[in-house]
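Hi there,

Here is the structure I promised to pass on to you. Have a look at it first, and then read my notes below.

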Amino acid sequence: MKSRNIIVALDSNNLNKTLELVKILKKDVYAFKIGYQFFYNFGLEGYKKVYSICPKIFLDLKLHDIPNTVEKGLEALIKLKPLFTTIHISGGDDMMISSRANKKNTKILGVSILTSLNRDQTKKYYNQKNVSALVKKFAHLAKKNKLDGVVCSPQEIKHIRKVVGKNFIIVTPGIRINNKLKSDDQKRVETPEKALSLGANYLVIGRPITKSKDPLKTLKEINKTLL
């Protein structure tokens with residue numbers, strides 16, 4: 001059964017293995033996420049190869065620059081027809097407004113606070129130790145500037161949902177099947193079932209699926225828990 005919620009992250013430096021994985025999983029995912037690692041290794045050619053197998057792509061390049069540069073960058077990226085793409089909310093009001101200029105059918109999502117940051121890091125770099133309060137503020141600004149949604153950790157979902165209402169998209173990375181992964185660089189994580197129950201629309205899952213012994217079996221097992 002095709003997932004309505006799971007976006008599988010294609011973080012890889014092996015194009016052939018990635019394409020095989022897309023072929024295997026495409027009937028059981030909502031979409032695939034292409035980020036820095038894949039895009040910088042394989043570029044437009046790699047993107048188009050994935051798109052030819054499954055056109056439902058979340059192009060996660062987290063643009064963050066002056067408004068005109070972001071606008072022109074998105075003008076080029078949107079020609080690739082991804083479902084979603086991302087910008088940093090911390091780029092400011094004008095940058096967010098400019099990001100909407102050429103959006104067409106692509107949804108623009110704002111990145112709030114990276115899931116790799118804990119309270120000590122947000123205190124150091126944002127002068128705010130309360131991560132939830134900081135993310136709520138960012139989400140409010142994203143909605144005010146008419147973005148389509150936000151990317152946030154599972155632990156901030158319920159706080160954001162109260163601020164943005166039910167029609168704002170929430171995409172959530174930091175999903176762990178057992179809440180743990182060896183050598184994990186994500187600090188604020190949660191299980192798929194819990195994240196959806198808190199109000200997420202889509203769950204980004206990478207290594208727990210792609211690094212498992214049987215990715216399709218793992219994906220199907222997760223899907224069963226979300227019915």
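Predicted model: local features only at pLDDT ≥ 70, side-chain atom pairs only at ≥ 80, totals over all residues.

The overall fold first. The chain contains 10 helices and eight strands. Its radius of gyration is 17 Å, close to the 17 Å that the globule rule gives for 227 residues, so the chain is as compact as a globular protein of that length. If you trace the C-alpha atoms along the principal axes, the chain spans about 40 × 35 × 30 Å.

Of the 227 residues, 52% count as buried. Among contacts in the chain with a separation of 6 or more, 64% are between residues 24 or more positions apart. The accessible surface of the chain comes to about 11600 Å², and carbon and sulfur atoms account for 49% of that surface.

Now to the second largest pocket, which holds about 240 Å³ of space. Which residues lie nearest its centre? They are Ser12, Lys17, Leu21, Thr210 and Lys211, out of 13 residues that line this pocket. Helix 1 (residues 15-25) gives the largest share of the lining, with three residues. Sorted by class, the lining has six polar, four nonpolar and three charged residues.

Best wishes

Note on methods
Residues numbered from 1 in each chain as written. Heavy atoms only, no water. 1 Å grid on protein atoms, 1.4 Å probe; cavity = no way out; pocket = protein on both sides within 12 Å on 5 of 7 lines; lining within 4 Å. Points joined across faces, edges and corners; volume = space filled by probe spheres on them. Helix = DSSP H or I, 4+ residues; strand = E, 2+ residues; numbered from the N terminus. Nonpolar A, V, L, I, M, F, W, Y, C, P; charged D, E, K, R; others polar. Rg over C-alpha atoms; globule rule 2.2 N^0.38 Å. Buried < 20%, exposed > 50% of the residue type's maximum accessible area, 1.4 Å probe, protein only. Contact = heavy atoms within 4.5 Å. Areas by Shrake-Rupley, 256 points an atom, 1.4 Å probe, with all protein chains shown as cover.
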